[in-house]
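The model is a predicted one.

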Amino acid sequence: MSGGYRPYQHIERRKSRQIHVGKVPVGGDAPISIQTMTNTLTSDAEATIAQIRRAELAGVDIVRVSCPDEESTAALAEIVREVNVPIVADIHFHYKRAIEAAQAGAACLRINPGNIGSAERVREVVRAAKDHNCSIRIGVNAGSLEKHLLEKYGEPNPDALVESALEHAKILEDHDFHEFKISVKASDVFLAVAAYQQLAEACDHPLHIGITEAGSRRAGTVKSSIGLGNLLWAGVGDTMRVSLSAEPEEEVLVGWDILKSLGLRHRGVKIISCPSCARQGFNVIQTVQTLEDRLAHIKTPLTLSIIGCVVNGPGEALMTDLGVTGGGSGRHMVYAAGKQDHTVPGDDMISHIVDLVEAKVAAIEAENAAAKDKEAEFLATAN
């Protein structure tokens with residue numbers, strides 16, 4: 001269910017089994033987790049760790065790294081040790097890399113068991129996953145479908161993607177391995193959405209959703225928002241990655257924005273702002289950009305409306321924790337909990353808003369801490 005309080009804001013999530021990627025639960029009633037993938041050479045542990053840490057600051061839950069060679073899996077142990085999120089090792093074809101990654105501490109292996117060779121090789125990978133508490137992601141992609149399915153269907157289509165996914169799933173199930181999730185990605189939004197919808201009805205495995213090779217930061221954000229938004233609104237998706245030709249932290253930020261827009265997860269300051277027009281009492285665009293940067297460190301959920309004039313400002317302020325509406329004579333109205341509170345001169349407005357937000361967040365965190373202490377005290381007394 002979403003975080004909304006009105007019937008039209010309710011999202012009924014698909015019922016799926018729950019697995020774990022390290023400490024992160026995926027599926028069931030767990031929050032939809034946000035993933036990204038590094039683009040450094042994994043063998044360069046220092047650069048890869050630095051990139052993962054930037055993604056952590058942006059709020060990532062799970063990070064995937066490519067392991068195409070022994071140098072990469074050799075660096076994996078240090079990478080896993082130095083970061084705070086579970087690491088997925090991306091493996092293609094080389095079954096030994098999967099075994100090495102599991103031994104190095106990867107929390108999950110991204111591998112298609114049908115593509116790694118003999119039944120004995122599959123058994124070895126599954127044994128390594130079990131021995132080292134690794135989950136697996138079956139990653140089907142429209143751009144690399146098996147030859148027999150392309151011959152059968154003539155082209156990548158939803159039936160082909162789903163059949164591929166279920167064939168790989170059966171291999172794992174036949175080896176009594178059930179800690180896996182599935183993705184059926186495509187760069188075509190229609191194909192990806194249709195395949196995920198079909199797969200969601202065909203099984204109860206947790207699903208990793210994404211529009212692969214979505215494009216640049218702007219075009220890819222739009223494309224991913226359409227595809228992932230469609231699926232999430234329908235309740236499909238347990239973990240997700242926004243694939244952009246951009247830095248990993250940008251993928252994470254877009255992922256959060258998608259989830260926040262649907263009320264599925266909440267983190268940091270959500271700014272509601274107008275597009276601005278000739279009525280604006282201050283430069284809305286510049287103000288919002290500056291505030292996004294200065295409030296990026298905040299993790300506690302909070303809503304802030306930044307509206308340039310009194311046409312929509314008071315109404316938006318009714319629905320946000322804090323708000324500002326442009327006024328005349330260089331002074332602007334500040335709202336708290338939907339009510340007019342005080343005015344602030346334009347020159348001081350941004351710093352004043354930052355101070356108000358940080359004070360509000362401190363109050364929320366103190367209240368939450370007190371509630372936890374009270375609960376712990378009650379449980380201690382009850383026991």
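## The sheet

Two strands are taken to pair if DSSP finds at least two bridges between them. Strand S6 (residues 108-110) and strand S7 (residues 135-141) are joined by three bridges and run parallel. Leu109 has Ile136 as its bridge partner in S7.

These strands belong to an open sheet of eight, ordered S8-S7-S6-S5-S4-S3-S10-S9, with parallel pairing. Strand S8 (180-185) and S9 are at the edges; each has a single partner strand, so one side of each lacks a neighbour in the sheet.

Helix H6 (residues 158-174) lies across S7 and S8, and runs at about 155 degrees to S7.

## Helix H8

Helix H8 covers residues 217-233. At 1.5 Å a residue its 17 residues should span 24 Å, and the end C-alpha atoms are 22 Å apart, which agrees.

The buried residues of H8 are Gly220, Ser224, Gly227, Leu228, Gly229, Leu231 and Leu232. They pack against helix H7 (189-202), strand S9 (208-209), strand S10 (239-241) and helix H9 (248-261). After H8 comes Gly235, which has a positive phi near 90 degrees.

## Helices H10 and H12

Helix H10 (residues 284-294) packs with helix H12 (residues 349-382) at an angle of about 40 degrees, and their axes are 11 Å apart. H10 and H12 are therefore oblique to each other, and their crossing is right-handed. H10 makes the contact through Thr287, Thr290, Leu291 and Arg294, and H12 through Met349, Ile350, Ser351, Ile353 and Val354.

Terms used
Residues are numbered from 1 along each chain as its sequence is written. This is a predicted model: local features need pLDDT of at least 70, side-chain atom pairs count only at pLDDT 80 or more; totals for chains, interfaces and linings use all residues. Side-chain values use heavy atoms; hydrogens and water are left out. Helices (H or I, at least four residues) and strands (E, at least two) are DSSP runs, numbered from the N terminus. The expected span of a helix is 1.5 Å times one less than its number of residues. Buried means under 20% relative accessible area, exposed over 50%, partly exposed in between (1.4 Å probe, protein chains only). Contact means heavy atoms within 4.5 Å. Axes are lines fitted to C-alpha atoms, for helices over the stretch in contact, and angles run from 0 to 180 degrees between N-to-C directions. Angles under 35 degrees count as roughly parallel, over 145 as roughly antiparallel, 65 to 115 as roughly perpendicular and the rest as oblique. A crossing is left-handed if the near helix is turned anticlockwise from the far one by less than a right angle, and right-handed if clockwise.
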